[in-house]
Amino acid sequence: MNFDWSVLISAFPDLMQGLQVTLLIAFSGLAGGIVFGVVAGVALEYGGRISNALAHVYVALIRGTPIVVQVMFIFFALPLIAGIRISSIDAAIITIIINSGAYNAEIIRGALNSVPIGIQEAGLAMGLSFPAVLAHIIAPLAFRRSLPAMGNQLVNVVKDTSIFIVIGVGELTRRGQEVMAENFRSVEIWSEVAAIYFVVISAFALGLRLLERRVRLP
Amino acid sequence: MIEFRQTTKSFGDHVVLQPTELSVKSGEVAVIIGPSGSGKSTMLRCVNALEKINGGDLLVNGISVLGSPADVRQIRRQAGMVFQQFNLFPNLTALQNVMFGSIRVKKYSKSEAQEVAETLLGKVGLFERKNHYPSQLSGGQQQRVAIARALAVQPRLMLFDEPTSALDPELRQEVMKVMQTLATEGMTMMVVTHEMHFARQVGSRLIFMEDGRVIHDGEPAALLSSPPSERFHNFLRHVQ
Ligand SMILES: Nc1ncnc2c1ncn2[C@@H]1O[C@H](COP(=O)(O)OP(=O)(O)OP(=O)(O)O)[C@@H](O)[C@H]1O
Ligand SMILES: [Mg+2]
């Protein structure tokens with residue numbers, strides 16, 4: 001077969017629109033997932049009985065079900081249960097936040113746990129409250145410790161956005177499929193879609209690696 | 001300044017500190033010795049409520065360790081602690097480690113905190129190393145930074161838990177010297193250590209513990225030159 005380069009150019013604007021949606025979902029997922037992950041991770045590591053149990057249930061439920069099922073549930077089932085309408089893009093954003101939050105929670109719990117007790121006691125022994133020790137002593141060290149695993153997880157968030165094709169969100173993968181349905185150039189289109197993902201994800205991974213290097217301790 | 005009143009501490013059913021009466025007065029340097037597991041660290045950690053006592057009471061400058069969280073923080077501000085493992089903040093330089101308490105606890109401005117920290121680092125002989133991270137310092141230097149860090153909160157007493165045990169013998173002296181200076185300046189101190197010459201030269205009290213009890217409590221030179229019990233005598237032979 002012959003590879004038609006001009007298809008790449010004509011499809012590019014459509015795919016860029018898809019990429020915008022992909023990035024919107026991904027960045028919402030990153031930011032919201034970090035917030036959920038920190039809250040649940042702190043609850044797992046330091047929470048009382050109830051908050052700890054809630055966090056455990058949350059993490060177990062999310063990690064024990066496929067993300068496709070989660071988004072189907074939120075998009076199709078939740079509106080029936082709660083009697084609300086929810087757009088597909090909102091369903092995607094909610095799903096990615098809840099999903100990545102659960103994975104982040106385990107990473108953050110581990111990172112908090114890795115900070116030596118003695119270092120925490122050094123802060124307490126100065127007369128700081130535990131929340132102050134958590135904010136000023138534990139958090140900076142746990143942040144560094146969590147970076148490699150968090151980096152992997154955050155890259156997964158970008159990749160996971162492609163599954164939202166199942167509820168028809170116009171993200172990059174979906175746009176690729178639409179373009180292909182018009183011109184039947186599957187080799188060109190899927191090569192181009194793959195290349196775009198690759199560039200975005202590589203740039204993202206590189207950024208994370210630079211951040212890791214920047215905060216590395218001597 | 002520190003008053004143990006029938007203080008007890010146990011972990012589960014294991015009684016680690018039997019009912020203890022003890023008081024340390026302002027300006028005293030109380031050196032605590034005893035075999036491993038006798039409860040020395042626990043006793044020290046009860047003073048700043050890193051361990052919660054189970055019975056009796058314990059007062060530091062008249063404040064009970066059983067008081068409110070604010071009382072406990074007040075006690076901890078007045079009682080600096082130096083740990084066997086230094087426990088410096090690895091993400092901060094020596095200077096930043098010492099500034100930490102001034103800023104976070106004393107609420108000093110950055111420039112005030114830096115001034116205090118530089119003076120203290122000078123005092124422990126590490127002014128030139130102020131921009132080094134803990135991992136770039138020797139154990140003895142790290143421990144001196146840790147002492148400066150504790151002093152930055154302007155405590156009225158200092159607790160030392162085997163401050164030289166993690167150090168090579170040739171590095172112990174530099175830490176001991178700093179502690180000796182502090183003692184000469186009138187700092188109230190409780191020091192758990194196996195350094196007998198420190199006990200003899202710097203200590204104003206020597207406390208021998210065994211099985212969670214204070215067995216002997218007296219003038220260091222007197223106790224060391226004529227051990228009042230067989231167990232104490234054996235213990236001394238062991239550490240010297
Ligand atoms: N967090 C804890 N939980 C349970 N038991 C503990 C705990 N901390 C200390 N203990 C026990 O309490 C006893 C006294 O311990 P402590 O650390 O006070 O002894 P020590 O005199 O400081 O000994 P060393 O010279 O080895 O430092 C030991 O039997 C120890 O196992
Ligand atoms: Mg000990």
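What follows is a set of questions and answers on a predicted model, taken chain by chain and then across the contact.

Student: How many helices and how many strands make up the secondary structure of chain A?

Tutor: From the N terminus on, the elements of chain A run α-α-α-α-α-α-α-α. The C-alpha trace of chain A spans about 70 × 50 × 20 Å along its principal axes. The count for chain A is therefore eight helices and zero strands, where a helix is a DSSP run of at least four residues.

Student: Which residues of chain A does the UniProt annotation "domain: ABC transmembrane type-1" cover?

Tutor: The annotation comes from an unreviewed UniProt entry. Over the span in question, chain A is 84% helix and 0% strand, with the end C-alpha atoms 26 Å apart. The record places this domain at residues 19-212.

Student: Is A:Ser146 buried or exposed?

Tutor: A:Ser146 sits in helix 6 of chain A, which covers residues 130-160, and its side chain reaches the backbone oxygen of A:Phe143 at 2.9 Å. Leaving aside residues up to four places away in sequence, A:Ser146 touches A:Ile107 and A:Ala111. Its relative accessibility is 7%, and because the cut-off is under 20%, A:Ser146 counts as buried.

Student: How many residues apart in sequence are the parts that the pair A:Glu45 and A:Arg109 ties together?

Tutor: The side chains of A:Glu45 and A:Arg109 meet in a salt bridge, with N to O at 3.7 Å. Both count as partly exposed, A:Glu45 at 23% relative accessibility and A:Arg109 at 28%. A:Glu45 lies in helix 1 (residues 5-46) and A:Arg109 in helix 4 (residues 88-113) of chain A, so the pair ties together parts whose separation in sequence is 64 residues.

Student: Turning to chain B, where is B:Asn131 placed?

Tutor: Not counting residues up to four places away in sequence, B:Asn131 touches B:Thr93 and B:Gln136. The C-alpha atoms of B:Asn131 and B:Pro19, 112 residues apart along the chain, are separated by 46 Å. Its place in chain B is the loop between helix 4 (110-123) and helix 5 (139-151).

Student: How much area do chain B and chain A bury between them?

Tutor: The size of an interface is often given as the accessible area lost when the parts come together. The contact here takes 23 residues from chain B and 18 residues from chain A. Of the area buried between the two chains, 68% is on carbon and sulfur atoms, and the total is about 1,800 Å².

Student: Which residue of chain A meets B:Arg45 in a salt bridge?

Tutor: Side chains of opposite charge can pair when their charged atoms come close. Within chain B, B:Arg45 meets B:Glu51 in a salt bridge of 3.1 Å, N to O, and B:Arg45 is buried, with a relative accessible area of 14%. Between chain B and chain A the count is one salt bridge. At 2.7 Å, N to O, the partner of B:Arg45 in that bridge is A:Glu121.

Student: How many of the residues on the side of chain B that touches chain A are nonpolar?

Tutor: Between chain B and chain A there are five residue pairs in polar contact. Helix 2 (69-78), strand 6 (79-82) and helix 3 (94-104) of chain B each supply at least two residues of the side that touches chain A. That side also includes six polar and six charged residues, and its nonpolar residues number eleven.

Technical notes:
Residues are numbered from 1 along each chain as its sequence is written. Chains are lettered from A and ligands numbered from 1 in the order in which they are written. This is a predicted model: local features need pLDDT of at least 70, side-chain atom pairs count only at pLDDT 80 or more; totals for chains, interfaces and linings use all residues. Side-chain values use heavy atoms; hydrogens and water are left out. Contact means heavy atoms within 4.5 Å. Buried area is the accessible area (1.4 Å probe) that two parts lose on being put together, summed over both. A salt bridge is a side-chain nitrogen of Lys or Arg within 4 Å of a carboxyl oxygen of Asp or Glu. A polar contact is a pair of N or O atoms within 3.5 Å; within protein, one must be able to donate a hydrogen and the other to accept it, and residues adjacent in sequence count only if both atoms are side-chain atoms. Ala, Val, Leu, Ile, Met, Phe, Trp, Tyr, Cys and Pro count as nonpolar, Asp, Glu, Lys and Arg as charged, and the others, Gly among them, as polar. UniProt positions are given in the numbering used here, feature names are shortened, and annotations may be inferred rather than shown by experiment. Buried means under 20% relative accessible area, exposed over 50%, partly exposed in between (1.4 Å probe, protein chains only).
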